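I opened a new notebook page for this chain. The plan is to look up overall figures, then single residues.

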Amino acid sequence: MISTKHRSNHSELMDDFDMTGDLLQKTLDQIASINKFLGGNNVTINGIKKLLSRHSKDNTIVIVDLGCGSGDMLRTIAKFCKKNGYTCKLIGIDANAFTLDYARKLSLNYPEISYLNQDILSDSFRGISCDIVLSTLFLHHFTDVEIKSLLLKLQNETRLGIVINDLHRHRLAYYLFKIICYFVNNQMVTNDGLLSILKGFKKKELQQIATQLHIQSTIKWKWAFRYQWIIKK
């Protein structure tokens, strides 16, 4: 029986920023499909709606997506903004150049989306002034110390707030994902997906980080085994 008492500190295969090739591209596609199937993207969109309740539609919204991968979340946001009358500028940041090249190809029909190849933990990353920062299935890649440092930096760069959508570290989530993997037939998706759950969070861990950083936030559990953590300015 798998233990979820403590966060795993093992690296995922996709943590290799130099990774390229058909397998990576296939993995990006399948991860996007799984997130859409499980309704995970709705957690981020819902968080954006809450922050935009205080924002005029007369002003352009600048949203930065950290660890954007193939840009699926950004394209979903672009459709949301168009449908709801918002003008937006969307910026995706990822450390893998191959992944961003693929994201740009998939986003050719979205002029409001641009991409930057940056490692957010590097000394060269200074953040980007924006209205909203997003972290969708991204925060779990980092240690608690790195998360605290990153959130402190991001708070100074955002005008409205931060929307974090990440995994609830739970035994049932682990075994349910194992069942899904039987239909995926991709070892990278299986390995990284299961490891991601073990690197995820318990609610009390997120609450402790918020308390230590003295930030005002709300943390809510969402299907499928996600936490929506909204940090308002």
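The entries below go from the whole chain to individual sites.

**Entry 1: the whole chain**

I note at the start that this is a predicted model. I counted secondary structure and got 8 helices and 7 strands. I then looked up the extent of the chain: the C-alpha atoms fill a box of roughly 50 × 40 × 35 Å along the principal axes.

How does the radius of gyration compare with that of a compact globule? A compact globule of 233 residues would have a value near 17 Å, and the chain has 17 Å, so the two agree.

I looked up burial next, and 52% of the 233 residues count as buried. The accessible surface comes to about 11700 Å². Carbon and sulfur atoms hold 52% of that surface.

**Entry 2: Gly71**

I looked for Gly71 and found it in the loop between β1 (61-66) and α3 (72-83). Is Gly71 buried or exposed? Gly71 is buried, because its relative accessible area is 0%, and the cut-off for buried is under 20%.

I listed the contacts of Gly71, leaving aside neighbours within four places in sequence, and got Ala103 and Tyr115. I also took a distance to Ile180, which is 109 residues from Gly71 in sequence. The two C-alpha atoms are 23 Å apart in space.

**Entry 3: cysteines**

How many disulfides does a search of the whole structure find? The search gives 0. I checked Cys81 in particular: the nearest cysteine sulfur is that of Cys88, 3.8 Å away.

**Entry 4: Thr190**

I placed Thr190 in helix α7, residues 187-198. Its relative accessibility is 18%. That is under the 20% limit, so Thr190 counts as buried.

Which residues does Thr190 contact, leaving aside neighbours within four places in sequence? I found Phe177 and Cys181.

**Entry 5: backbone angles**

A cis peptide bond joins Trp223 and Ala224, with omega about -5°. Ala224 is in the loop between β6 (217-222) and β7 (226-232).

Phe225 is in that loop between β6 and β7 as well. Its phi is near 55°, a positive value in a residue other than glycine. I looked up the accessibility of Phe225 and got 10%, so the residue counts as buried.

Where is Asn185? I found Asn185 in the loop between α6 (171-181) and α7. Phi of Asn185 is near 55°, again positive in a residue other than glycine. Asn185 is exposed, because its relative accessible area is 66%, and exposed begins over 50%.

I turned to α1 and the segment before it. Gly21 is in the segment before α1. At 25% relative accessibility, Gly21 counts as partly exposed, because that value lies between the 20% and 50% limits.

I took a distance from Gly21 to Thr99, 78 residues apart in sequence, and got 9.5 Å between C-alpha atoms.

Lys36 is in helix α1, residues 22-38. Is Lys36 buried or exposed? Lys36 has a relative accessible area of 68% and is therefore exposed.

I also took the distance from Lys36 to Glu205. The two are 169 residues apart in sequence, and their C-alpha atoms are 26 Å apart in space.

Note on methods
Residues numbered from 1 in each chain as written. Predicted model: local features only at pLDDT ≥ 70, side-chain atom pairs only at ≥ 80, totals over all residues. Heavy atoms only, no water. Helix = DSSP H or I, 4+ residues; strand = E, 2+ residues; numbered from the N terminus. Rg over C-alpha atoms; globule rule 2.2 N^0.38 Å. Buried < 20%, exposed > 50% of the residue type's maximum accessible area, 1.4 Å probe, protein only. Areas by Shrake-Rupley, 256 points an atom, 1.4 Å probe, with all protein chains shown as cover. Contact = heavy atoms within 4.5 Å. Disulfide = S-S within 2.5 Å.
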